[in-house]
Amino acid sequence: MTSFPVPGYQLQRGSPLDRASLVKFMERNWEELAPDHPRQHLASTVDRYLAADTPLWWVQPQASSAAIACLWLGWATDQDKGQIHPYLLLLYVHPDHRRRGLASALLETAHSWAVGAGYEQISLQVLSHNQAAQSLYEKLGYQPQAILMRRVLSSETCC
């Protein structure tokens, strides 16, 4: 267990052995953000990116061993500078434990880790309709760098 600034909670470092728990947290997150979208890709995403060098932290209430929040970092390449840097793959706090500073404390943990490891930035994507997450990230100094655009293709709209 590691020191954690939110009273009543403790922080624990995760590992690739936490695969099943991480998939569950990804599913919970997806259920809240996009309940009508498929989730079969989540396990393969975890399999593709979870490794010994991808930092993962869990938060547990001090009176319990059950995790109620997590933050998982992967890797991305800065499109301007070409440098590899940490990329936020998942930040999730159970609804019963929100608005207590857990997400901010997890992000500060990630920021401290990244600075200590010599990185100059962390990046992330946030869904355009997730205003709560956007507000949190902006409050912590994140700024838009690019706009992700997509076009849904079908045989009727193509060629």
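Axes here are lines fitted to C-alpha atoms, for helices over the stretch in contact, and angles run from 0 to 180 degrees between N-to-C directions. Helices (H or I, at least four residues) and strands (E, at least two) are DSSP runs, numbered from the N terminus.

The model is predicted: local features need pLDDT of at least 70, side-chain atom pairs count only at pLDDT 80 or more, and totals for chains, interfaces and linings use all residues. Residues are numbered from 1 along each chain as its sequence is written, and side-chain values use heavy atoms, with hydrogens and water left out.

**Helix pairs**

Helix H3 (residues 102–116) packs on helix H4 (residues 131–139). The table sets this pair beside H1 and helix H2 (residues 41–49).

| Helix pair | Angle between axes | Axis distance |
|---|---|---|
| H3 and H4 | about 50° | 11 Å apart |
| H1 and H2 | roughly 135° | within 9 Å |

Angles under 35 degrees count as roughly parallel, over 145 as roughly antiparallel, 65 to 115 as roughly perpendicular and the rest as oblique. H1 and H2 are therefore oblique to each other. Their crossing is right-handed, and H3 also passes H4 in a right-handed crossing; the term applies if the near helix is turned clockwise from the far one by less than a right angle, and left-handed if anticlockwise.

Contact means heavy atoms within 4.5 Å. On the H3 side, Ala103, Ser104 and Leu107 touch Leu136, Tyr137 and Lys139 of H4. By class, this contact has four nonpolar, one polar and one charged residues. Between H1 and H2, the residues Arg19, Leu22, Val23, Met26, Glu27 and Trp30 of H1 meet His41, Leu42, Ala43, Thr45, Val46 and Asp47 of H2. Here the classes are seven nonpolar, two polar and three charged residues. Ala, Val, Leu, Ile, Met, Phe, Trp, Tyr, Cys and Pro count as nonpolar, Asp, Glu, Lys and Arg as charged, and the others, Gly among them, as polar.

**Salt bridges**

There are three salt bridges in the structure, each a side-chain nitrogen of Lys or Arg within 4 Å of a carboxyl oxygen of Asp or Glu. One of them joins aspartate 47 and arginine 19, with the closest N and O atoms 2.5 Å apart. Aspartate 47 is in helix H2 and arginine 19 in helix H1, so the pair ties together parts that are 28 residues apart in sequence.

**The sheet**

An open sheet is formed by four antiparallel strands in the order S1-S2-S3-S4; strands pair if DSSP finds at least two bridges between them. Strand S1 (9–13) and strand S4 (84–93) are the edge strands, each pairing on one side only. From one strand to the next, the twist averages 20°. Five bridges link S1 to strand S2 (residues 56–61), and leucine 11 has valine 59 in S2 as its bridge partner. Helix H1 (residues 19–33) lies across S2, strand S3 (69–77) and S4, at about 70° to S4.
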